[in-house]
Amino acid sequence: MADVPSDAPQHCPGTSSEQAGKTSSCQGCPNQNLCASGATKAPDPAIEEIAVKMLSVKHKILVLSGKGGVGKSTFSAHLAHALAGDSNKEVALLDVDICGPSIPRIMGVEGEQVHQSGSGWSPVYVEDNLAVMSIGFLLSSPDDAVIWRGPKKNGMIKQFLRDVDWGDLDYLVVDTPPGTSDEHLSIVQYLSSAHIDGAVIITTPQEVSLQDVRKEIRFCRKVKLPIIGVVENMSGFVCPKCKNTSEIFPSTTGGAERMCEEMNLTLLGRIPLDPRIGKSCDEGKSFLAEFPESPAALAYRSVVQSIQAYCLSEGTQGESAD
Ligand code: ADP
C-alpha cells in the first residue's frame with residue numbers, strides 16, 4: 001500500500017485509512033498521534049467533485065448570523081428575490097438551516113417535492129430564474145423536528161452541493177443555521193476548492209446579537225472566509241403614517257456601525273422593522289414586489305446593490321481572504 005511508511009508496524013492500516021492511528025498495531029508507532037489526528041487522511045473526494053459542479057456557478061454568497069430570529073432567512077430570501085429581479089440572471093437559494101428550514105414557506109413553495117432525475121435532484125422553481133433547495137422539501141411535515149447528528153448533516157450538505165442539478169447560475173445564496181456549527185465548517189470545507197465570494201452577516205442593533213456576531217466574525221477569519229459585510233436588521237421603525245422613525249431595539253453599544261468600525265468591516269446597510277415583512281413572508285410573497293417603495297424595500301435593494309458590486313469586483317472591496 002502506497003501510504004504505509006517503510007518504518008511502519010507490521011499491521012499498519014495505512015496513514016490515509018479511516019483506521020489510521022486507531023488500531024492495536026498503531027500502539028507504540030511514532031506516527032500514531034499524527035495519524036489519529038486525521039492530518040494524514042486523504043481529502044474527501046467530494047471536495048473536488050463539488051469544485052467541478054460549482055464551475056457553472058459564478059458567485060457564491062453565504063448568509064450568516066450569530067443568533068436565531070434576527071432575520072437571516074428573511075434576508076436570504078429577499079437577496080435571492082432581488083438578484084433574480086434581473087431576468088438575465090440565474091439565481092438559486094440553498095437552505096441548509098437543517099434544524100429550522102423556513103425558506104420553503106418564505107418563498108411560497110412549502111409542500112413542494114424535489115424530483116430525482118438522471119442529472120441529480122431538481123430544485124423547486126419560484127420563478128423561471130429563481131430556484132430553491134431546502135431540507136424542508138425532504139421532510140414529511142414542516143413540523144418534523146430534525147434532530148440529526150453531525151455526519152448525517154454533513155452528508156446532506158455534501159449532497160446539496162454535489163447532487164442538485166443547479167444548471168448554470170450567476171448567484172448561489174446559501175442560508176446557513178445561526179451561530180457557528182458543524183454545518184458552517186462543512187459548507188466552507190466542501191466549497192474550499194470552489195471559490196466562495198464571501199459571507200454576509202445579519203445582526204440586530206442590540207449588544208446581545210452583536211456579541212454573537214463577533215464570534216461569527218472570528219470564525220470567518222479563522223476559516224479564511226471573506227466577509228462581504230454586515231447588515232443591521234430591525235434597525236428602527238418607520239411609521240407608515242407619519243414617517244417618523246422610532247428605535248424599537250435601541251443600540252446601547254453603537255450598533256453594527258460601531259462594531260464594523262472596530263472590526264474593520266463594511267456596514268452594508270440598515271433594514272428597518274416593518275410588520276408587513278413578516279406578513280409577506282408568512283404568505284410566501286416577496287415583500288419587495290408587494291411594497292416596492294417602502295423604506296425597508298429600498299434598504300434591502302441598496303444592500304443587494306452593494307453585494308452585487310462586491311461580487312462583480314471579485315472581492316477587491318470589503319475583507320479579503322488572506
Ligand atoms: P432567522 O433566520 O434569523 O432565524 P427569520 O428570517 O426567520 O430569522 O426572521 C424572524 C422573524 O422576524 C420572522 O417572523 C420575520 O418575518 C421577522 N422579520 C425579519 N426581518 C424583519 C424586519 N426587518 N421587520 C419586521 N419583521 C422582520
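Predicted model: local features only at pLDDT ≥ 70, side-chain atom pairs only at ≥ 80, totals over all residues.
Residues are numbered from 1 along each chain as its sequence is written, and side-chain values use heavy atoms, with hydrogens and water left out.

View A. Asparagine 233 contributes a polar side-chain atom, 2.9 Å from a nitrogen atom of the ligand. Of the 570 Å² of accessible area that the ligand has on its own, the protein covers 76% (Shrake-Rupley method, 1.4 Å probe).

View B. The ligand is surrounded by 15 residues, and Gly69, Lys72, Ser73, Thr74 and Asn233 are the closest. By class, the shell comprises 6 nonpolar, 7 polar and 2 charged residues; here Ala, Val, Leu, Ile, Met, Phe, Trp, Tyr, Cys and Pro count as nonpolar, Asp, Glu, Lys and Arg as charged, and the others, Gly among them, as polar.

**View C. The largest cavity.** A cavity is a set of points, on a 1 Å grid over the protein atoms alone, where a 1.4 Å probe fits but cannot get out; its lining residues have an atom within 4 Å of a point. The structure holds 1 cavity of 30 Å³ or more, and the largest cavity contains about 90 Å³ of space, the volume being that filled by probe spheres set on the points, which are joined across faces, edges and corners. Its lining consists of 14 residues, with Cys12, Cys26, Cys29, Asn31 and Cys35 nearest the centre. This lining divides into 9 nonpolar and 5 polar residues, with no charged ones.

**View D. Cysteines annotated in UniProt.** An unreviewed UniProt entry places the feature "binding site" at Cys12, Cys26, Cys29 and Cys35; such annotations may be inferred rather than shown by experiment. These positions spread over 24 residues of sequence yet cluster in space, with a largest C-alpha distance of 10.7 Å. Cys12, Cys26, Cys29 and Cys35 all belong to the lining of the largest cavity. The unreviewed entry also places "binding site" at Cys239 and Cys242.

Notes
1 Å grid on protein atoms, 1.4 Å probe; cavity = no way out; pocket = protein on both sides within 12 Å on 5 of 7 lines; lining within 4 Å. Near = heavy atom within 4 Å. Polar contact = N/O pair within 3.5 Å; in protein donor to acceptor, adjacent residues only side chain to side chain.
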